[in-house]
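Have the sequence and the structure open while you read.

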Protein chains: 2
Amino acid sequence: MSNTGINQVVWSAKQQEFVQKWRELGVAWGIPPAMAAIHGLLMTQEHPMVTDEVMSLLSLSRGSAHTQLQALVEWGLVYPVKTLGSRQVRYVAERDSWQMMSCIARQRKKRELDPLLELDAWKRSWASKTDGLEASAVLDKTLDGVLAQASAVDGVLGRLLAEDERWWEQWLLRGLRRN
Amino acid sequence: MSNTGINQVVWSAKQQEFVQKWRELGVAWGIPPAMAAIHGLLMTQEHPMVTDEVMSLLSLSRGSAHTQLQALVEWGLVYPVKTLGSRQVRYVAERDSWQMMSCIARQRKKRELDPLLELDAWKRSWASKTDGLEASAVLDKTLDGVLAQASAVDGVLGRLLAEDERWWEQWLLRGLRRN
DNA sequence: GAATACTTTCATTTTAAATTGAAATTATGT
DNA sequence: ACATAATTTCAATTTAAAATGAAAGTATTC
């Protein structure tokens with residue numbers, strides 16, 4: 001039985017343009033091009049897709065398609081759907097934009113914010129030993145400020161991502177109209 | 001006259017560790033290693049530094065040291081200080097952590113958020129032409145959500161970065177304690 | 001329990017980004 | 001104007017990340 005054609009795959013000029021843009025955006029966000037492109041493609045597709053369809057529409061190798069699909073599933077941006085009576089797996093993108101952005105934010109927090117917060121422990125580990133004589137008061141001061149801000153952001157982000165509700169919509173709007 | 005030694009350069013184990021960590025952090029944030037390292041180094045230094053000092057402490061080529069120092073100045077993270085009676089330029093890092101983080105946020109907004117916001121114009125440019133027949137209602141719906149969120153973030157970020165005041169500290173804290 | 005259909009892995013290659021270093025340029029002091 | 005001391009540029013190289021593709025692995029069906 002053929003893989004393609006169970007559900008019609010639509011691949012219009014608009015969709016192709018979108019995928020191209022999503023890929024570029026992905027690169028700017030530090031996301032592997034193939035990963036962003038696959039995500040973009042699945043965002044445009046009504047129905048779950050099979051690896052071979054992804055491969056051929058985006059001209060990707062099997063290895064890359066597979067690896068990036070896994071990563072997308074790992075991130076929670078894409079769901080694997082098992083086809084009954086077959087080993088074949090199909091993939092659909094998360095449709096809810098809030099869920100989608102949450103997934104991305106969570107990953108970025110892990111990659112970017114958490115390592116920054118770890119500097120606090122590092123700083124404390126040096127607190128006792130007097131390095132030379134007051135080796136860098138300048139650093140300590142700036143770093144304290146940075147860490148304070150980082151943990152404020154961490155707190156807000158934590159709340160934001162923990163909730164399913166969207167109290168943040170109100171909260172953001174309140175931020176918009178000053179104070 | 002020798003370049004080094006006008007102001008004593010301090011380069012302790014703690015500082016070296018910090019620079020190493022700052023470099024890694026920079027890489028996670030999509031910043032060139034040399035740029036992050038230089039920034040880290042200048043954050044630890046009491047006094048403005050000359051290109052040759054940066055080069056030798058970090059084992060960088062002149063080209064790289066120069067280019068990345070320019071970038072740091074461009075971003076507003078580092079200030080060039082002209083030495084009187086000499087063509088020599090020295091560099092100091094911005095000390096205020098809020099200013100520092102603002103600079104970074106501004107650059108990231110430019111690189112990451114603005115291109116996302118441009119998708120709105122793109123979407124509208126396709127609004128009229130009916131691509132096939134309802135080519136991708138799925139995409140349109142998710143994309144609308146994403147763009148709404150993006151512009152909310154843009155609004156808040158815009159305010160945050162425009163101000164010199166720190167009303168946001170209160171605002172972030174309020175975000176922390178729910179509602 | 002083969003044979004088939006699909007998935008997974010991973011050593012090698014490709015690609016894009018960052019770095020190098022030496023030559024060209026420009027400013028400064030004599 | 002000259003020599004010197006610094007900065008700036010950029011073609012060539014290096015590096016790290018991502019992509020490839022073929023081989024190995026694993027379910028599923030007959």
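In S3(A), which residue is the bridge partner of A:Val50? The partner is A:Arg90. Keep in mind that this is a predicted model.

**Chain A**

Let's start with the overall make-up. Chain A has 7 helices and 3 strands, and along the sequence they follow the pattern α-α-β-α-α-β-β-α-α-α. Of its 179 residues, 47% count as buried. If you take the contacts in chain A with a separation of 6 or more, 61% of them are between residues 24 or more positions apart.

The 3 strands of chain A make an open sheet in the order S1-S3-S2, with antiparallel pairing. Strand S1 (49-50) and strand S2 (78-82) of chain A sit at the edges; each has a single partner strand, so one side of each has no neighbour in the sheet. S1(A) pairs with strand S3 (residues 89-93) of chain A through 2 bridges, in the antiparallel sense. The A:Val50 and A:Arg90 pair from the opening question belongs here. Helix H2 (residues 33-44) of chain A lies across S1, S2 and S3 of chain A, at about 85 degrees to S3(A).

**Chain B**

Now for the sheet in chain B. Its 3 strands form an open sheet, ordered S1-S3-S2 and paired antiparallel. The edges are strand S1 (49-50) and strand S2 (78-82) of chain B, each of which pairs on one side only. Antiparallel S1(B) and strand S3 (residues 89-93) of chain B are joined by 2 bridges, and B:Met49 stands opposite B:Tyr91 in S3(B).

Helix H2 (residues 33-44) of chain B lies across S1, S2 and S3 of chain B and runs at about 85 degrees to S3(B). H2(B) also packs against another helix: its axis and that of helix H4 (residues 62-75) of chain B come within 9 Å and cross at roughly 70 degrees. Because of that angle, H2(B) counts as roughly perpendicular to H4(B). What sort of residues make up the contact of H2(B) with H4(B)? They divide into 9 nonpolar, 3 polar and no charged. On the H2(B) side you'll find B:Ala34, B:Met35, B:Ile38, B:His39 and B:Leu42, and these meet B:Ser64, B:Ala65, B:Gln68, B:Leu69, B:Ala71, B:Leu72 and B:Trp75 in H4(B).

| Residue | Relative accessible area | State |
|---|---|---|
| B:Thr142 | 4% | buried |
| B:Gln149 | 11% | buried |

B:Thr142 is in helix H6 (residues 137-162) of chain B. Is B:Thr142 buried or exposed? With a relative accessible area of 4%, B:Thr142 is buried, because the cut-off for that is under 20%. The side chain of B:Thr142 reaches across to chain A, where the backbone oxygen of A:Arg95 is 3.1 Å away. Leaving aside neighbours within four places in sequence, B:Thr142 is in contact with A:Met43, A:Arg95, A:Ser97 and A:Met100.

B:Gln149 also lies in helix H6 of chain B.

Notes
Residues numbered from 1 in each chain as written. Chains lettered and ligands numbered in written order. Predicted model: local features only at pLDDT ≥ 70, side-chain atom pairs only at ≥ 80, totals over all residues. Heavy atoms only, no water. Helix = DSSP H or I, 4+ residues; strand = E, 2+ residues; numbered from the N terminus. Buried < 20%, exposed > 50% of the residue type's maximum accessible area, 1.4 Å probe, protein only. Polar contact = N/O pair within 3.5 Å; in protein donor to acceptor, adjacent residues only side chain to side chain. Contact = heavy atoms within 4.5 Å. Pairing = 2+ DSSP bridges. Axes fitted to C-alpha atoms, helices over the stretch in contact; angles between N-to-C directions. Parallel < 35°, antiparallel > 145°, perpendicular 65-115°, else oblique. Nonpolar A, V, L, I, M, F, W, Y, C, P; charged D, E, K, R; others polar.
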